[in-house]
Amino acid sequence: MKKLIKPLIVILLLVLVLVMVSRYSDIIVGWANQLWGLDDAQLDKINKWTGILADGGTVLAVVGGLVWGFLVWPWKSGKSDSALTAAGKIKTDTEFLAEYRRYICETYKHLDFTGIEDMPETVNNTSGLLLESVYVPLRARLDLPSGESWHRFGGRFVCGTKAHAGEEVPDEIEQATEQAEQAAMPIEEWIGQQQALVILGDPGSGKSTSLKHFALSLAQGKTALLPILLPLNAYGTEFAKQPLSFEAFLPEYFHAKRPQLDKERLTKLFTEVLTQQKAFILMDGLDEVGSNRGQVVAQVESFVQRWVADPESNTKSGNRMVVTSRFVGYRDYPLVDPRWKTVAINDWNLEEIGQFFSKFTLAAELAWSGGENNETARQKAVAEQQALQAVVQQNKGIRRLAGNPLLSSLLALIKRQGVNLPDRRVKLYELYMGTLLRSWHRKRNLDRQCVGVEEDAATYGLLAKLALHLRLTNPQHGLIAEDAMQSYLRKHYQEDNYSREAADRMAVTFLHSVHNHSNLLIERGYQQYGFIHLTFEEYLAGFALAKEDVATLQQKIPLYLETPKQWKETLLLALGVIAVIKTEREKANAVLSYLLTTGKPEHSLFVGEVLNDVGASQLGNRMTVQIQDYLSALMQDPKTAMADRAKSGRLLSEVGDPRPGITVKKVNGEPVYRQRGNQKHTIPDIDWQKIPADTFRMGTEGDEGYSDEKPAHDVSVSAFFISRYPVTNAQYRCFIEAGLYEDKAFWHEKLPAAAKLWLGGDVVSEKLLETINEKSRENYRNWLKSDKDRFQPRFWADKQWNLDNHPVVGVSWFEALAYSVWLNGLLLDLKPEGEVDKLQIRLPTEAEWEYAARGTQGLRYAWEGDADASMGNYADSKIGQTSAVGMFPKGTAFGLYDMTGNVWEWTSSRWGEKAGEPDFRYDQWQQQEPVRNLLDPVEFRVTRGGSWDNSTVNVRCAIRGRNRPVIRYDDLGFRVVLGE
């Protein structure tokens, strides 16, 4: 009967209003007439409808109210809250409830940097940074690795987080992590769907911060859920003294934290919200519970069983339960009741890292300016955010670190203190280490504890030795048991002439400080220790190795390189410490020179990676040139495995490819510029090969080839020059940096009208769509929509395709044409010496291209003989992408490179309007020759050469490809000619 009180009150009020309307309708009508001057007909209508409204409305109100009372209201009042912000009120002492919520807000409103570094003085310490102003939601997925044999890459255990670009990961792991990444969703959504949730994550992954965010959001808003947040290790400690139920512990804990909160009123409050199904229990750090973790887990299980409905009962509870834990600690004592759903936190991706930097820098600048939302603070924040993101995007190692929210916060704090972030990662790791160690020692001093050493340098050395020990004994997991660690520490102190008793005491003190104060070396589970991130373990192990002498390093490094997945990163950092931090150039160069003389490709590749990592300025010009020469020779060595040759070419791009004709013109090592108007143009270095005038046999004889290659016929070609290599990314970058995409006059005045339309994102010709079926036409239009940003090549930002010494790809015919027109404006800087001035730079005709590739010998491929995967980059070579130009032997006919495979190359020649059949045929060569290379028609254009993903039949010299001029594929580039 109680549930009908509210609906009956509503019914009575409706009836009363309707009766009043009916009884006093004359008065109401009179008022209306005075206000609006109604005529008689309108007055009659009002009288009529007020009576109907009173009579019919009363019946409707009574019937509707009864239906609502019996059906809707019970369902509404019994429905569980489906999200954190569900509306409703808690029936309790409102004054005390407000006081409790105030305590939650005061406790968790600021971002907590405990354990990494105090807020810098440049931030207003009185206001601090509000947690909500910098909070970035975490994503999680349903995924828990089985067993203890997890793979580690990217600095963490693989548990479903997608690998960052550039990392080498087993295919099966990459596939699993890709699926997990796609299935991930914000933690808020998991909580909205699940009544009992376990959140697993690595140290620093944001578990505790997320719980604080949830507690703060609920305490600040008018919601139906009351947040109750506490650390489970506090319950474990109290439970060891006296076995308390979880309900009994809650008021004890909060009263101890805030004595003003009366224990009896807390007991009443928590009992009421649990009973009313409006409690949100947030239990942090299950892995941090000590030796009685099994008992605590049993108590938590009992608690959830009492206050959350069994999922098999098909009833939902309003209460929510969340438990957080690190991975390793959770494995020993998991929560197994079916009410629990287990999710694992994903690392931040680049977008989320950017969001955090954007929020943090703005909040910090506004705090410094007193909280005013001024434009100057915003501009400073943007500049600082861009500096942070540049470091993350340019450095794979830092990118891996920044996926951890704690380490992203630390990076932002280091930058906030006025530190210029270095471009060498080993220097940045040193900054990280210094900050974490200072934090560790500061905490040690505050609680009067000693970690066994008094100086950062000594702690540094001890941690470095321990990291190297982990690399040698447990490289896969990076964990050491507490007793093994204590034994290692004891031995360390005894080697320094401490007695057994003193060494044991110092080891125990060190472990105590690690457990309580360190965010560098942490407890990754009960009595299991490891570094917060694999990168720090690798860096410190490298630091320890760097102390060895040259002879020892020359002996050990080749041995360690036999297991590169375990050791390469550590060895790179060891050489970085020697060359960058210790500035011992000669020592580093002695080790690198020795590795180059072993003749092993893996050693040369490693040396190339060292140069790329530490920079030419640290190793000196002599060593840099030596490494470049070795990489160039290795890239072109036919005896070397194809994968190593391709990798060598990529490394050569990273460290600087010195070969002529590959990048840009230089004088004394500096690029050559030309000023044209307000723009400064870098001059690309084009290596021209002269092709003499002659007549050659064009096309394919006999049964081989496609019909569009026939009939074979003789073609006379005038002399011309052609670039020895396809246009590279470094050469095309000159065009971009000259501002040619933004120069509308260039596209309007010097190029066909269709080029201007293409740059604007328009469909340049409907005729190109007429010969394809409706589905293909729709796919083509969708492709055009996805390719709407016309300010650089399509794959320009993709590391796989944008290496300096690789051919540029993802360029349309219009872009290739525009580049050749721009180069023609730089003719004085580009033409070969002593040549006539009548020549101009342009795209090759297909006849010029084929003649340059096969000569008068009629070569089938660019070399003599049959197909050979060691002679060109096509499918059989199994490189799977573009390769550095000039990696394969030069062509037989005229010494050109990459005429077979690597990329298809645009020509100026017309194919026609239909993809399947050319309008420009070989049997009409002479008749069509005058118009064969007109630039204005919007038609398919001929491409030549085949590419990295084509079979042998499609990389022949005679093969005729064709594409719409707007197409921008990852196997499509071009080269240029200098001719009449």
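**Note on the predicted model: sheets, cores and backbone exceptions**

1. An open sheet of four strands runs in the order 17-20-26-21, and its pairing is antiparallel. Strands here are DSSP runs of E with at least two residues, helices are runs of H or I with at least four, and both are numbered from the N terminus. Two strands count as paired if DSSP finds at least two bridges between them. Strand 17 (688–691) and strand 21 (840–842) are the edges; each has a single partner strand, so one side of each is left without a neighbour in the sheet. On average, neighbouring strands of this sheet are turned by 30° against each other, direction ignored.

2. This is a predicted model, in which local features need pLDDT of at least 70 and side-chain atom pairs count only at pLDDT 80 or more, whereas totals for chains, interfaces and linings use all residues. Residues are numbered from 1 along each chain as its sequence is written, and side-chain values use heavy atoms, with hydrogens and water left out.

3. Within the sheet of point 1, strand 17 and strand 20 (residues 720–723) run antiparallel and are joined by four bridges. Isoleucine 691 stands opposite phenylalanine 720 in strand 20. Helix 36 (residues 846–854) packs on this sheet and touches strand 17, strand 20, strand 21 and strand 26 (977–979). Contact means heavy atoms within 4.5 Å. The direction of helix 36 makes about 75° with that of strand 20. Axes are lines fitted to C-alpha atoms, for helices over the stretch in contact, and angles run from 0 to 180 degrees between N-to-C directions.

4. Another open sheet has four strands in the order 24-23-22-25, with mixed pairing. Its edges are strand 24 (961–963) and strand 25, each with a single partner strand, so one side of each is left without a neighbour in the sheet. Strand 23 (residues 940–944) runs antiparallel to strand 24, and three bridges join them. Valine 942 has arginine 962 in strand 24 as its bridge partner. Helix 36 packs on this sheet too, touching strand 22 (904–912) and strand 23; the direction of helix 36 makes about 5° with that of strand 23.

5. The largest nonpolar core holds 176 residues, of which Tyr100, Met283, Trp340 and Tyr539 touch the most other members. Helix 24 (residues 564–581) gives the most to this core, with ten residues. A nonpolar core is a set of buried Ala, Val, Leu, Ile, Met, Phe, Trp, Tyr and Cys residues joined through side-chain atoms within 4.5 Å. Buried means under 20% relative accessible area, exposed over 50%, and partly exposed in between (1.4 Å probe, protein chains only). A second, separate core of 57 residues includes Phe721, Tyr732, Tyr741 and Ala816.

6. Leaving out residues up to four places away in sequence, tyrosine 539 touches Val426, Tyr429, Glu430, Met433, Tyr460, Leu573, Val577 and Ile581. Isoleucine 581 lies in helix 24. With the neighbours up to four places away again left out, isoleucine 581 touches Val426, Lys427, Glu430, Tyr539 and Gly576. The C-alpha atoms of isoleucine 581 and lysine 427 are separated by 6.9 Å, although these residues are 154 apart along the chain.

7. Most residues other than glycine have a negative phi, and most peptide bonds are trans. Lysine 710 and proline 711 are joined by a cis peptide bond, with omega about 0°; proline 711 is in the loop between strand 18 (694–698) and strand 19 (713–717). Threonine 583, in the loop between helix 24 and helix 25 (585–597), has a positive phi of about 50° and is exposed, at a relative accessible area of 56%. Lysine 878, in the loop between helix 36 and strand 22, has a positive phi of about 60° and is also exposed, at 72% relative accessibility.

8. The protein chain has an average pLDDT of 83, and 80% of its residues score at least 70; pLDDT is the predictor's confidence in each residue, from 0 to 100. Confidence is lowest in strand 2 (residues 152–153), with a mean of 36, and highest in strand 25 (residues 972–973), at 98. Residues 48–87 have pLDDT below 50, and this stretch has 57 contacts in the model beyond near neighbours in sequence. Where pLDDT is low, the predicted coordinates should not be read in detail.

9. Overall, the protein chain has 37 helices and 26 strands. Of its 980 residues, 54% are buried.
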